[in-house]
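Biologist: I would like to go through this model piece by piece. Shall we begin with whatever you find inside it?

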Amino acid sequence: MRITYSLLLCVLSLPFLANAQLNPVKFERYTLSNGLKVILHEEHSTPIVVVSVLYHVGSKNENPERTGFAHFFEHLLFEGSTNVGRGEFDKYLSGAGGVNNANTSQDRTYYYEILPSNQLPLALWLESERMLQAKVETKGIETQRQVVKEERRQRIDNQPYGRFLEEMAVRLFKQHPYRWTPIGSMEHLDNATESDYVNFYKDFYVPNNAVLTIAGDINPAQIKPMIEKYFATIPKGTRPIYRPTIVEPALGTEVRDTIFDKVQLPGVFMAYRTPAQTDPDFYALQMLNRLLSGGQSSRMYKALVDEKQLAVAAQSVSLPLEQPGASIILGIAGLGIAPAKVEEALNAEIERVKTELVPETEFQKLRNQLEADLVDENSTLEGIAENLANFETYYGDATLINTNINRYLKVTREDLQRVAKKYLDKNNRVVLYWLPEQKQ
């Protein structure tokens, strides 16, 4: 991808509720005749506009024999189109004072531009070209194959612990396409034919599989004709859009393994199966993970790094996925510390949330921390545009940008304890010891 795919945390809190109700994010939503969903957010504080297109395709939509396609297309669709020459996409935008980027996850591919509002037609034209007639041909395919291989070397293969998500996914999921990560297989990309790439483009990069969001210094009445001009004539996809329906069987028992790698310090990585981000329990799990590792005052950091000095890092995060995901808990051992000692300390903090209610003062602190995250998330036009697109895609309801907070407000201290008992169970997890190669 053009930056990286990351673990995304989207969390909310109580004190922001009053502000959210007084100052909601106002927007207009409608759908073109070809199925393209359009969301418009008018904000005149700066003469800037954000244009984004979210395609509802990620690595989970791929053929198991052709993994890595969604991430590959994130790169390939900057190769140009019938009317945009190779390398000209970025030149057009930089010449207009704009910037652009993209990212891919297991569930989506997201493109966006930030540029002066008087240059809005340029962004609409470029995105419509990408959707209608992108160049999917041998020269660009070969170029981007090398780009993706280099990205893999830099971000995964040559990074300490860089493969942990891959190694975790293949053990955590046996049937579901979440068993591979967005970077996919380089062998699959090498073996794919031009027709494989063309068919993937025709299947997924179509208006009825996308959300166009425009946020910023706009007049909706004035720009609607522009949107109609650039997008309404793009044909709707003719083939059914593949959505996996695989139900992954329960793990049923703890899965343990050891990975030897070029690292200096041992690591302990634990992953638990968790529900989809639309499940009510996901909100409690988000808060629970923040309780365990939300900064240097969090439970895991204080216990493992500060007090016991067993680890140089300790973290707990949720993977917010459209279908069942994971909570990942990890610790990187200090020099000379056995990984078993780190695992024991991590387990102790997990058991603590199962057996003890979170004190009221700590619970309020947690909600205050989550408030800060939400304020930061919706403090920029980029954040608002992305949240509107995400809520519309995953929940079918962009209004959740203003009301999703209520789902967090319903979470109680008892809920934190309940989800800890239900999901952070040893028979529902994978444990990996990541050891220096010399120990092999």
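Modeller: This is a predicted model. Take the lining of the largest cavity to start with: helix H6 (164-172) and strand S10 (325-333) each supply at least two of its residues.

Biologist: What is the strand order of the open sheet of six strands?

Modeller: Strand S1 (28-31) and strand S4 (99-104) are the edge strands, since each pairs on one side only. Neighbouring strands of the sheet are turned by 15 degrees against each other on average, direction ignored. The pairing is mixed, and the order is S1-S2-S6-S3-S5-S4.

Biologist: How many bridges join S3 to S5?

Modeller: Strand S3 (residues 48-55) is mostly covered, with seven of its eight residues buried. On the side of S5 (residues 109-116), Val51 stands opposite Glu113. The two strands run antiparallel, and the number of bridges joining them is eight.

Biologist: Which residue of S6 stands opposite Tyr55?

Modeller: S3 also pairs with strand S6 (residues 210-216), in the antiparallel sense and over seven bridges. In that pairing, the residue of S6 opposite Tyr55 is Ala210.

Biologist: What is the bridge partner of Tyr30 in S2?

Modeller: S1 and strand S2 (residues 37-42) are paired in the antiparallel sense, over four bridges. Within S2, the partner of Tyr30 is Val38.

Biologist: What angle does the direction of H9 make with that of S2?

Modeller: Helix H9 (residues 220-231) packs on the sheet and touches S1, S2 and S6. Another helix, H2 (residues 69-76), lies across S4 and S5 and runs at about 170 degrees to S4. For H9 and S2, the angle is about 150 degrees.

Biologist: Why does Leu93 count as buried?

Modeller: Leu93 sits in helix H3 (residues 88-95). The cut-off for a buried residue is under 20% relative accessible area. Leu93 counts as buried because its relative accessibility is 0%.

Biologist: Which residues is Leu93 in contact with, leaving aside its neighbours within four places in sequence?

Modeller: Gln119 lies 26 residues from Leu93 along the chain, and their C-alpha atoms are separated by 8.9 Å. Contact, however, requires heavy atoms within 4.5 Å. With the neighbours within four places set aside, the residues in contact with Leu93 are Gly98, Asn100, Glu113, Leu115, Leu122 and Leu126.

Biologist: Which elements are included in what covers the buried residues of H17?

Modeller: Helix H17 spans residues 413-423, and its buried residues are Asp415, Leu416, Gln417, Val419, Ala420 and Tyr423. A helix has 3.6 residues a turn, so residues three or four places apart point the same way. What covers the buried residues of H17 includes strand S8 (267-274), helix H10 (280-293), helix H12 (339-355) and helix H13 (360-377).

How values were computed
Residues numbered from 1 in each chain as written. Predicted model: local features only at pLDDT ≥ 70, side-chain atom pairs only at ≥ 80, totals over all residues. Heavy atoms only, no water. Buried < 20%, exposed > 50% of the residue type's maximum accessible area, 1.4 Å probe, protein only. Pairing = 2+ DSSP bridges. Axes fitted to C-alpha atoms, helices over the stretch in contact; angles between N-to-C directions.
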